[in-house]
Amino acid sequence: MNDCVSVFLTGVGGQGILLASEIISNAAMLSGFDVKTNEVHGMAQRGGTVTALVRYGPKVYSPLICEGNARVLCAFEMAEAIRAAHYLAPGGLAVVNQYRIIPVTVSSGSAVYPENIQETLRKCFPRLCYFDATQKAIEAGTEKAANVVLLGATSVGLDLPEETWLEAIRKTVKPKFLEVNLKAFAAGRAAAQS
Amino acid sequence: MKELLSGNEAIARGVYEAGVRVAVGYPGTPSTEILENVEQYKEHVYCEWSPNEKVAFEVAAGACLTGARSIVTMKHVGLNVAADPLMTLTYVGAVGGIVAIVADDPGMHSSQNEQDSRQYARFAKIPLLEPSDSEEARDFLVAGMEISEKFKTPVILRTTTRISHSRSLVELHERVEHTPQGFKKDPPRFVPIPAWARPMRVRVEERLRAMIPEVSASALNRIEWANKDLGIIACGVAYQYVKEVFPEASVLKLGWPYPYPDDLIRQFAAGVKRLLVVEELDDFLEEHVKALGIACDGKNFVPNIGELSPMALRRIRAKMEGKELPQVLPVEEASKLPPRPPVLCPSCPHRAVFSALGKFDVVVTGDIGCYSLGVAAPLNRMDTILCMGAGISMAHGMKIAGEKKRVVGLVGDSTFFHSGITALLDIGYNKSAPVIIILDNRVTAMTGHQDNPGSGLTLMGEPTHEASIEEFARACGIKRVFMVDPLKYDAFIELLKNSFETPEPTVIISRSPCIVHDHSGLKPALKVNPDVCRTCKLCLKIGCPALEFTEGHVRINNLLCGGCSLCEQICPFDAIS
């Protein structure tokens with residue numbers, strides 16, 4: 001699909017996916033690229049799956065992508081990584097948060113949360129960065145920054161310079177949360193590079 | 001300066017830049033954020049949530065007749081509600097510019113149908129504009145005002161979910177003021193009594209004819225010549241998919257598709273070997289192209305159900321080329337994943353109502369709002385949905401048809417103000433006896449917590465009169481009216497029981513604020529005492545996301561639990577506290 005880069009974010013409502021999408025968009029804009037994003041609103045926010053898509057390049061037409069075209073798939077929740085696995089391009093990087101949110105279908109006994117999910121993830125994603133982003137966010141200062149930890153890992157799969165990412169974070173997050181978010185970003189980046 | 005704006009934010013910016021004075025609407029996904037974003041310009045633009053789209057449309061029409069530029073926003077089904085004023089304002093015409101922004105939802109992400117609202121433009125014989133990204137959304141709002149004033153006509157600006165909720169770059173401009181000259185009395189122009197409506201009717205046709213040369217010459221429509229083996233006519237977001245999947249083709253991009261730009265369509269068709277029309281939903285363009293006597297492909301390749309996507313276009317392309325496109329399916333393991341449907345939030349007061357209704361063998365006619373989620377497992381306690389207000393009127397219809405079971409009609413507070421009042425008036429007037437429950441959570445929650453006539457605040461943040469549902473109910477002739485907190489669960493069940501045994505209509509106002517909007521009701525998370533819990537799993541039947549069943553035990557997720565205590569009240573062993 002031409003020379004655009006696409007990033008697919010997925011998780012559950014309330015995990016901070018839209019902020020992460022905004023930072024990616026800002027980083028791409030600061031790099032001089034055309035940018036389009038798409039988000040799911042409405043019904044899906046009531047505890048349902050939430051996805052966001054960011055595309056950037058010299059000229060972006062479609063706000064949606066074909067399956068098999070995302071350069072990075074960043075999943076804020078483990079099962080959601082598998083649900084969206086077919087969007088990742090061959091050779092693309094999967095960043096998966098080691099974090100489980102039990103859907104009501106499981107609590108009420110009508111469905112089962114997959115066991116041995118780590119094994120499934122390894123099978124689905126040859127390039128997998130799988131770690132506990134919440135733990136790293138707590139180490140950085142607040143568990144609420146787990147989304148920015150995941151963003152740090154995502155940035156490793158993209159070709160924007162580190163300084164641009166930092167600038168985008170400065171532009172997007174509130175000043176009083178800047179330091180903790182910069183730390184969280186660095187922690188995520190380190191996790192993906194190790 | 002360029003900013004990354006959603007289509008809805010861009011339209012709001014256009015409202016500001018175009019010198020609009022009055023912006024009104026009713027919330028509805030995917031249109032809601034337009035007015036929410038106009039609010040930031042409230043020093044320049046008066047904005048309000050009206051009780052429903054019909055009222056909103058009429059408010060905008062009144063403003064327009066004083067010469068003020070005005071807009072009205074709604075989702076596609078909202079235009080059905082506003083169709084009455086639309087179909088006659090088209091006769092009366094505009095003084096100040098008036099643009100009705102209608103957001104369609106192909107694929108039904110958050111809607112009960114996927115009607116193609118472009119048909120309304122043809123039905124009402126008025127111009128239709130259709131942007132393909134955020135920059136165009138802003139530009140077309142401004143252009144729509146100019147078209148509206150030049151031809152003295154209301155204009156429809158139609159978006160879809162992917163235009164409304166996608167972000168792209170928009171160059172910002174300054175506001176240009178348009179000062180209204182005030183209402184000028186002119187009854188033959190503004191009063192469509194039959195004698196004056198007949199000449200108006202003629203003017204509608206004349207206006208449409210006068211627009212046609214302008215449409216073909218408009219910068220909103222353009223031909224992008226490339227390889228001439230295939231020419232594609234496209235509009236809206238489908239244009240972007242075409243550019244992505246058919247990069248070599250010539251394209252006729254229609255931003256102002258109605259009245260149809262016949263000359264431009266003929267010119268384009270004559271320049272290409274094969275013609276394809278790519279449009280979401282109906283064959284709105286294709287049918288007309290064929291009526292012009294031009295052969296084209298369209299719905300023989302392009303689905304008319306659901307939304308399009310780059311992948312859908314790749315399949316269309318493969319089919320046209322006689323090829324098989326390998327399907328990219330979800331990985332095999334995905335089929336075993338637990339579904340993650342939207343559910344009522346933890347501590348949502350509506351859950352208590354559905355849980356209580358589960359104890360009775362009744363028919364529940366439902367309505368549009370968060371509480372529509374009460375239809376899903378494990379609550380399973382809603383039997384019908386049609387449109388706003390129908391939760392009440394259909395309950396009446398079932399009763400007068402002789403339905404043997406007790407019938408319960410459900411609506412929300414905003415929905416009651418939208419279309420429920422007249423329905424309740426019908427029950428009082430025509431004397432049926434359903435039980436009506438008004439789920440009053442003090443806000444229009446589903447669309448993201450907008451204020452409404454009952455919430456005591458206007459869109460511009462001013463305190464205002466709180467409309468009383470109770471007084472409305474009594475004024476409609478209902479004598480049994482109760483205002484209760486459904487989280488006083490046993491009393492609520494008792495009230496339901498009594499009401500089902502009474503041969504009189506009953507209105508129960510189930511009042512408890514939306515916990516996501518009003519945090520004052522949040523309490524510390526509850527815990528399950530594992531020594532007392534007998535794992536009967538009764539609490540899991542209320543479908544609360546905070547209740548988890550793992551490794552053979554029920555536990556409460558303390559990050560999600562808001563302490564509403566419904567599970568505590570349901571537990572027969574007092575294991576939750």
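Let's start with burial in chain B. Of its 577 residues, 53% count as buried. Keep in mind that this is a predicted model.

Now the overall form of chain B. Its radius of gyration is 27 Å. Why does that agree with a compact globule? Because a compact globule of 577 residues would have a radius of gyration near 25 Å, and 27 Å agrees with that. Along the principal axes, the C-alpha atoms of chain B fill a box of roughly 80 × 65 × 50 Å.

What is chain B built from? Its secondary structure comes to 20 helices and 19 strands. Next, look at the contacts in chain B between residues at least 6 apart in sequence. Of these, 74% join residues at least 24 apart.

On to the two chains together. How many residues of each chain are in contact with the other? On chain A there are 47, and on chain B there are 45. Several elements of chain A each supply at least two residues to the side that touches chain B. They are the helices α1 (17-30), α2 (78-83), α3 (104-107) and α4 (117-124), plus the strand β2 (34-39). The largest share comes from β2(A), with six residues. By type, that side of chain A divides into 23 nonpolar residues, 18 polar and six charged.

Stay with β2(A) for a moment. Which strand of chain B does it join? That is β8, residues 166-171. Three bridges link β2(A) and β8(B), and the two strands run antiparallel. To find the spot in the structure, take A:Thr37. Its bridge partner in β8(B) is B:Arg167.

Note on methods
Residues are numbered from 1 along each chain as its sequence is written. Chains are lettered from A and ligands numbered from 1 in the order in which they are written. This is a predicted model: local features need pLDDT of at least 70, side-chain atom pairs count only at pLDDT 80 or more; totals for chains, interfaces and linings use all residues. Helices (H or I, at least four residues) and strands (E, at least two) are DSSP runs, numbered from the N terminus. The radius of gyration is taken over C-alpha atoms; the globule rule is 2.2 Å times the number of residues to the power 0.38. A residue is buried if 20 or more other C-beta atoms lie within 10 Å of its own, exposed if 12 or fewer, and partly exposed in between; C-beta atoms are placed from the backbone. Two residues are in contact if their C-beta atoms, placed from the backbone, lie within 7 Å. Ala, Val, Leu, Ile, Met, Phe, Trp, Tyr, Cys and Pro count as nonpolar, Asp, Glu, Lys and Arg as charged, and the others, Gly among them, as polar. Two strands pair if DSSP finds at least two bridges between them.
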